[in-house]
Amino acid sequence: MKKGKKGLFQSILLVLLGLLVLLSMVPFQPREPETLEISVLFLQRDSGLWDNIRLGMEQAAADQGAELRFLSVSYDGEETDGAQLLLREAADGTDAVIIAPAIEQELEPILEEASANCPILTFSQGMDHTLLDFSPGGEEVSRMLINMALEDGREGTFLLLSESGTGLDDQRVIFAESYLRQQGIEPVRLSVRQNESRRLARTLETMDPDCVICPEAGLTYALCQHWMKEQESAPDYRFYGMGVTEPAARCLESGVIRGLVGWSDYASGYLICESAALAARGKEIEWEGELPLYAIGKEELDERSYQKLFFPVLP
Amino acid sequence: MNEAIRSSSSRSCPKRWLALLLALLLALSAGCGEGKAEEEKTLRLGLALYDQQDTFISSLGREVEQLAQEETRRITVRIVDGQGNQSTQNDQIDQMIQSGYDVLFVNLVDRTVAASIIDRAREAGIPVVFFNRQPVGEDMRRWERVYYVGLEAAQSGRLQAEIVKEAWDRGEADRNGDGKLQYVLLEGEPGHQDALLRSEHSVKHLEELGIPTQKLSSAAANWSRSQGQQQMEGWLDRFGGEIELILANNDDMALGALDACRDRGLEELPLAVGVDATGEALAAMAQGTLTGTVLNDGAGMARSMMDLALALDRGEDPAQTMELEEGHYIWLSYRKVTEKDVEDYLRQQEEEG
C-alpha cells in the first residue's frame, strides 16, 4: 500500500513537471511572429527632409511585419558618428540597416565589416557591399535640371551647387558641368560643407549668379527652409533644385524657386524598407529598375499627380 | 512471489526518481531559456501624437527618438500621427496594443476619451503615459499604471504677461498713449485645457502687474500658423493699427498673425508673444518681429517620459522610485525667453543641429 502511494505520488509529480515544461514554452505575452527590426541611419540635420520617406518606410514596415529604429547621425563639422552607430547596430543584432544618401560615402569603408552581420541597403547606385539601389542615375537628374534652366534662359553665370563629402553629388555635378559645356556654357562651381548651409543664402547673394543649379536634396531643403523662415522674396537668381519636400513646394508655389526635379520619396522609402525586410528574411528582392523622375515647375503643382509627390495620400 | 514483486519494485524505484530528476532539470532549463530571451528583448515604445503638423509636438517626438538612441538598452520607438482625429488615433493605439508594445505614450486628440484608452491598455497590461494634453483627473485614477508628463499651462500664461510687462515698462507697448493695452487673443482650440488656462492667466496676470487691458477680440486658431494668419487678416480689416498686442497660446499662431501684419505692409508691428520657443519663433525674435516666447520644455518632457518607460521596464513602481505627484503626475516648468537670452537659445539649437 505504502509503495503504491509512493508510485502514485511520483507519477503525479511527473505529470505536473511535464505540464510545467509545456507551459514554459508558451510565451506570456504573445508577439507577432518574426517581427523584424530594421535600423535606419539618417543625418540629424535632414530629419525634415525625410518626412515622406519615413511615411513610406513605416507603411512598408507595417506590411512586412517589421519595426523601424530611426537613428539620427550627428555631424561635428568634420565627420559624423555614423560609423560607430552602424557597427553598433550590426553587432547588436538588427535584421537590416538602411543608410541615408548623405552619409553613404562616409560609411563605405566599413560596409564590408557591417554587412557580415546583416544586409545593408542604400538609396544610391554603385555602393559596394550593399544590396540594391533604385534611385535614378545622377546624370538624369542633372540633365533634367539643366534642361529646365535652359528653357528659361541661357544668359549669364550658371553656378553649380553641391555639398562636399557626398560622392553622389560629385557625380551629378561632374556630369552637370560637362553637360553645360556641351551647351556652350562655362559653369562656376560652389561646393559647401554641411555646416555651412545656413550661411549659404548670403554666400549666393554675394556671388551674384544668374542661375543656380543644385542637384542635391539636402541643400535644396535647407535653402528653401531658410527662405520660408525669413519670408524672403525670390532671390535675384533663378534657382533649380532637387527633392519633393514641403518647403520646396512652398517656395515653388511662391516663385522663390523656379523648378525642381524629384521622385516619390514615399515610394523610395516604401521600396527600400520592403527590400530590407525581404533581404533580412533571405528572400529575393523584387524591385528592379529605377523610380521615375519628374521635372516640376510652378504649373505642375496644381496637378494632383504632382501634389501626391509632395503630400502622399495616406492609407 | 513476494520476492519477485519486491525485486521488480526495487529496480523501478530508482528509475522513477531518475525520471523525476530529469524532468525537473528540463523544466528548470526551459525556464532559464525564457529568462535569457527576455533580457535581450528590445524595449518597444509606442508614441501616439495628436497631430504631427504641430511643430512642438513633432519636435517632442524626435526628442524621444533621440533619447532612445542614446540609451544602452535597445529601444524602438514607433511614432504615429493622429492627424487631429481621435478615431484615427484610437485605431493606431489599438494596433500598438495588439502588437504588444511595452509602454504607450499618448498625446490625446480629445482629452475626454482617455478612459477607454486606459481600459484597453490595462486589459493588455501595458502602462500608459499621457503627455502634453492632460486627461481629466478621474480617468487618471482608473489604474495605477497611468501617468502624465506636462507643464502647468497657467504658468505659461503668467510668463507671457511678464514679457509684455517688460515691454510696457520700456514704453514700447502703449502706442496710442491711452494708458491701456489693446490686444487680440489667439486661442489654441475650444475646450483645450492648456488654451483655456493660458488665455485666462495671461490676461489676469497683466492686470495683476498693473497693466490695464482692453480686449479687442479673440478667436480659436487651432494652434495653426495659417489659421492665425487668417484670423489676424480679419482683425486688421476691423481694427487696423489699434492692435497693440497679439497674445497667442502658441508660437505658430503668433507667427501667423505676424505674417498677416507683414503682408499688410504695417510700418510698425504690434507686440506679439507666443509659447513653445520653436526654432521659427526664436528666429523671429532675433529679427525683432516676435517680442517674446515661453519655452515649453520639450526636452525635459521627453527625458521624463523616457525615464518613466525605463523604470517600468526595470519592473519598478515609478510612484515609489520617481518624484510623482499623486502617484501619477510629473510636472515640469516653463521658462521665459526674451531678447536678452534669445541668442543663447538660438546657439543651443544650432549646436543640437
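The questions that follow set terms against their definitions.

This is a predicted model, in which local features need pLDDT of at least 70, side-chain atom pairs count only at pLDDT 80 or more, and totals for chains, interfaces and linings use all residues. Residues are numbered from 1 along each chain as its sequence is written, while chains are lettered from A and ligands numbered from 1 in the order in which they are written.

Q: What makes β9 and β10 of chain A a pair?
A: Two strands (DSSP runs of E, at least two residues, numbered from the N terminus) pair if DSSP finds at least two bridges between them. Three bridges join β9 (residues 259–262) to β10 in chain A, so the two count as paired. They run antiparallel, and A:V261 has A:A295 of β10(A) as its bridge partner.

Q: Why are β6 and β10 of chain A called edge strands?
A: The open sheet has six strands in the order β6-β5-β7-β8-β9-β10 (chain A), with mixed pairing. In chain A, β6 (188–192) and β10 (294–296) each pair on one side only.

Q: How do you know what the angle of about 160° between helix α6 of chain A and β8(A) refers to?
A: Axes are lines fitted to C-alpha atoms, for helices over the stretch in contact (C-beta atoms, placed from the backbone, within 7 Å). Angles run from 0 to 180 degrees between N-to-C directions, so the about 160° compares the N-to-C directions of α6 and β8(A).

Note on methods:
Helix = DSSP H or I, 4+ residues; strand = E, 2+ residues; numbered from the N terminus. Contact = placed C-beta atoms within 7 Å.
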